[in-house]
Amino acid sequence: MQDKKLNVGLCGLGTVGTGVVEILQNHQEDIVHQVGCSIDVKRILVNNLSKPRGASVDPSLLTDQVDELVNDPDIDIIVEVMGGIEDTYHVLERAVQNGKHVVTANKDMMAVHGGKLMELAKEKHCDIRYEASVAGGIPIIGSLTNGLASDRVNKMMGIVNGTTNYILTKMVDEKRTFEDVLKEAQDLGFAEADPTSDVDGLDAARKISLLSTLAFKMQTVLDDVEVSGIRGISSEDLSYAAQLGYTMKLLGIASRENGKVEMSVQPTLVPNAHPLAGIKDEYNAVYVYGDAVGETMFYGPGAGKLPTATAVVSDLMDVVKNVRLGVTGESSVSPHYDKQMKTKDEIFSKFFVRLEGEDEAGTFLAITQEFANSGVSLDKILQMPVEGHDAADIILITHNASRFQMDAILHALEEIEAVRSIHSVYRVEGEGN
């Protein structure tokens, strides 16, 4: 086994696939030194055989026939970086059925079908690795499954979508509108022509679902995540948040308490002093709370050709080590706990509320009375006149309150005649709540 060469079938030769080829070509000597054998790309699945390629690839390696990868007995490992969900899952399912190990960067497919694929892989004594599917080059999955395996993780907060973090950074730092920055992000390639998955929070939700399954040893799915995106964030929201000492981030949040789990992706205010507040542009970070280790943060590029390819090749090297040791299919740990989700009266946080009220005596008292009626105290208050409207913007930061309490308060505020509108409500995290 010391001198055995392991062969890879690469599905996809786009940005990340090209990066995988480059790293395997340029770092082969280091890779052999670390894993004890060479890793060669034997076949590459592409959609268009005549398309010009950015990587230095022997054209004879290219094929548009998936059978040439999944049915080739000389191919040991399938590396999937082509994207897609249903068709891709069936390709990988066939590969595992044929005894091939899988490395994937596909968070969409793993969020939908990961549980089934992992069970099949365990049955067939195959490895499944998917580090690159969450936060690009940040080794958060490996950290949860290995580095923090002895600890009990009880909460995670993450900036796991670079597009939305880029947009929010520019909106805050350069005082620009969402629409303006989104167009720039699309022009720069940070955002897709159809940005729905990013700006509406779906991409981040898939990632937080994967992380929660690992961290809490409980099988969670995308539908368990409460999701809201950044389209409705206004410059006024960001300005008032800054005056009160907060920065807006789209956070994936997952917490476990008394065996029950909560997962959400939503615009969230964090204090300017919190490490997540300083994560700018397209960078990602995941903040982890463990019983034993305390608070740790994992930071780095969340996407990109070589950062993502680095995670893919690192996973590939782990599989090769397991092949040489004869322990493939043994490292996968099935979920240990039955899924239990928190109810609204069990989910607590601080809240930012911005509303417009009549600028007259008694308005403020009526508003604060509704918070008192629900047993929710206020931490910070800001009132600013709205020019030309004979009204005032009233911004409130609550102390800890449950979602159930906040729903009741918001319903009561809508019934107050002097309250013209409730502009926005955001979660506040990072202050010990």
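Select strand 11 (residues 283–290) and strand 12 (residues 294–301) to begin: the two run antiparallel and are joined by 8 bridges. Strands here are DSSP runs of E with at least two residues, helices are runs of H or I with at least four residues, and both are numbered from the N terminus; two strands pair if DSSP finds at least two bridges between them. A hairpin through 3 residues connects strand 11 to strand 12.

The model is a predicted one, in which local features need pLDDT of at least 70 and side-chain atom pairs count only at pLDDT 80 or more, while totals for chains, interfaces and linings use all residues. Residues are numbered from 1 along each chain as its sequence is written, and side-chain values use heavy atoms, with hydrogens and water left out.

Strand 11 is largely enclosed by the rest of the structure, because 7 of its 8 residues are buried (under 20% relative accessible area with a 1.4 Å probe, protein chains only; exposed is over 50%, and partly exposed lies in between).

Turn now to the open sheet of 6 strands, ordered 3-2-1-4-5-6 with parallel pairing. Strand 3 (62–63) and strand 6 (128–129) stand at its edges, each with a single partner strand, so one side of each lacks a neighbour in the sheet. Within this sheet, select strand 4 (residues 77–80) and strand 5 (residues 101–104), which run parallel and are joined by 4 bridges; E80 is bridged to T104 in strand 5.

Move to helix 11 (residues 235–243), where D237, L238, Y240 and A241 are buried. These residues lie on the same side of helix 11, because they cover an arc of only 165° around the axis, the arc being that of the directions from the helix axis to the C-beta atoms. G245 follows helix 11 and has a positive phi, near 95°.

In helix 12 (residues 305–325), select T308. T308 is buried, at a relative accessible area of 8%. Leaving aside neighbours within four places in sequence, T308 is in contact (heavy atoms within 4.5 Å) with V16, A132, G136, G137 and A303.

On a 1 Å grid over the protein atoms alone, a pocket is an open set of points with protein on both sides within 12 Å along at least five of seven lines, and a cavity is a set where a 1.4 Å probe fits but cannot get out; lining residues have an atom within 4 Å of a point. Grid points are joined across faces, edges and corners, and a volume is the space filled by probe spheres set on the points.

The largest pocket holds about 1,300 Å³ of space. Of its 46 lining residues, T15, V16, V81, K107 and E192 are the closest to its centre. Helix 10 (202–216) is among the helices that each supply at least two lining residues, and its 3 residues are the largest share.

For the second largest pocket, the volume is about 1,000 Å³. Select M118, Y130, I141, T145 and L214, the closest to its centre of the 44 residues that line it.

Finally, the largest cavity contains about 40 Å³ of space, and its lining consists of L144, L148, D151, R152, V153, L214, A215 and K217.
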